[in-house]
Amino acid sequence: MTRYSIAAIPGDGIGPEVMEAVVHVLEALSDAQGGVCFDFVELQAGDGAKAETGMALPPGTLGAVERSDACLFAAVGETAKEVILPLRQGLDLYVNLRPAKVYPNVPHARGDVDLVIVRENTEGLYTRIGGRGPDWGVSLRVITRRGSERIARFAFDLAEREGRRRVTCVHKANVLDATCGLFVEACRDVAAEHPGIEYEEMIVDACAMRLILEPERFDVVLTTNMFGDILSDEAAGLIGGLGMAPSGNIGEGHAIFEPVHGTAPDIAGEGVANPMAMILSARMMLEWLEEREAAAALEEAVVEVLREGKTLTPDLGGSSGTGEGAASVSRRLAQKEF
Ligand code: NAI
Ligand code: MG
């Protein structure tokens with residue numbers, strides 16, 4: 001039996017609700033599968049932690065995440081920039097991997113979407129270098145060759161590993177020639193090392209439109225930090241909304257898996273948040289831990305529950321709560337033969 005120590009950061013708003021759901025599901029998975037089990041180490045961070053201790057990311061949290069085998073992160077509120085950005089940058093989690101795929105029975109814009117956004121996660125406009133005075137603000141956009149090459153390598157390796165055909169480099173080099181210019185140059189160099197994968201370039205504003213009009217033409221979208229942030233919420237809108245969008249922040253040896261959504265203050269406390277984005281983030285974590293059988297079983301259980309359609313949350317047109325959705329996934333897992 002492989003035992004994993006999982007750092008769990010529930011955070012604020014619907015964060016603790018979806019975290020409870022995923023812990024329930026992973027415990028059911030370990031009961032059913034027998035080959036894996038999890039020790040959860042709960043860590044405080046976010047608006048609540050700041051109100052209590054004065055610090056959104058208490059000292060020790062980063063070290064605890066570093067010592068864990070992997071981390072599950074739900075969502076934090078207004079302090080997001082003080083929590084998730086230092087975690088991503090502090091652990092050098094340079095990949096933000098955001099798949100967007102249509103699952104059965106989910107109200108969606110188009111049926112044939114199965115793309116993955118590979119977003120650079122440590123540079124760009126999110127380094128928070130800059131400043132402001134009363135009448136001005138400056139945010140410095142930092143792009144390096146090393147940062148661009150390693151994210152491009154990850155995108156092409158992923159395309160090869162997953163049998164994907166095409167990598168689309170999304171940029172704004174026509175205007176941001178210094179930063180996006182360098183990014184595109186690095187992507188071209190890496191593309192030349194992978195002649196088996198089709199490579200194309202697209203300007204970000206055109207990409208935003210084409211994602212709506214012809215999402216099926218996209219396969220791997222390779223882009224910089226802020227463009228990836230925006231395009232991934234857009235992609236989530238194509239596949240049933242933020243309640244269905246998982247992600248992984250991945251580096252060398254460390255990774256944090258989190259739903260794309262935030263704390264959803266409009267529904268927090270009502271127990272109706274869709275747990276699937278968090279559960280599918282746990283599936284990505286299992287893949288990363290190379291627990292492929294467990295990852296596949298978890299995704300299968302999610303698909304079965306969605307297809308059955310009896311315990312869908314309101315965002316998917318149902319009337320069930322977060323806990324009922326998670327309990328259905330757990331029940332399906334319990335019936336599986338490993
Ligand atoms: P949001 O993602 O929290 O919510 C946007 C919309 O999607 C809302 O209508 C919400 O009800 C819905 N939604 C989100 N997750 C859902 C789920 N699991 N099930 C059903 N519906 C869901 O984004 P918003 O409202 O812009 O931000 C709220 C707070 O979250 C802000 O304080 C922001 O800073 C924080 N945030 C934190 C992130 C993180 O922790 N990584 C990421 C994005 C936002
Ligand atoms: Mg975002």
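**Notebook: strands, helices and a ligand**

My strands are DSSP runs (E, at least two residues), helices are runs of H or I with at least four, and both are numbered from the N terminus. Two strands pair if DSSP finds at least two bridges between them. β6 (residues 130–133) and β7 (residues 136–139) are antiparallel, with four bridges. A hairpin of two residues links β6 to β7.

A note on what I'm looking at: this is a predicted model, where local features need pLDDT of at least 70, side-chain atom pairs count only at pLDDT 80 or more, and totals for chains, interfaces and linings use all residues. Residues are numbered from 1 along each chain as its sequence is written, chains are lettered from A and ligands numbered from 1 in the order written, and side-chain values use heavy atoms, with hydrogens and water left out.

Next I looked up the open sheet. Its ten strands come in the order β2-β1-β3-β12-β11-β4-β5-β10-β8-β9, and the pairing is mixed. Which strands stand at the edges? They are β2 (36–42) and β9 (198–203); each has a single partner strand, so one side of each has no neighbour in the sheet. From one strand to the next, the twist averages 25°. (Axes are lines fitted to C-alpha atoms, for helices over the stretch in contact; angles run from 0 to 180 degrees between N-to-C directions.)

I then checked β1 (residues 2–11) and β3 (residues 70–75), which run parallel and share five bridges. Opposite I9 I found F73 in β3. Helix α1 (residues 15–33) packs on the sheet and touches β1, β2 and β3, at about 155° to the direction of β2. Contact here means heavy atoms within 4.5 Å.

Last, I turned to ligand 1. I noted 21 residues around it, the closest being E78, G262, A264, D266 and N274; a residue is near if one of its heavy atoms lies within 4 Å. For polar contacts with the ligand I used pairs of N or O atoms within 3.5 Å. A backbone N or O atom of G77 is 2.9 Å from a ligand oxygen, and a polar backbone atom of V76 is 3.0 Å from a ligand oxygen.

Notes. A polar contact is a pair of N or O atoms within 3.5 Å; within protein, one must be able to donate a hydrogen and the other to accept it, and residues adjacent in sequence count only if both atoms are side-chain atoms.
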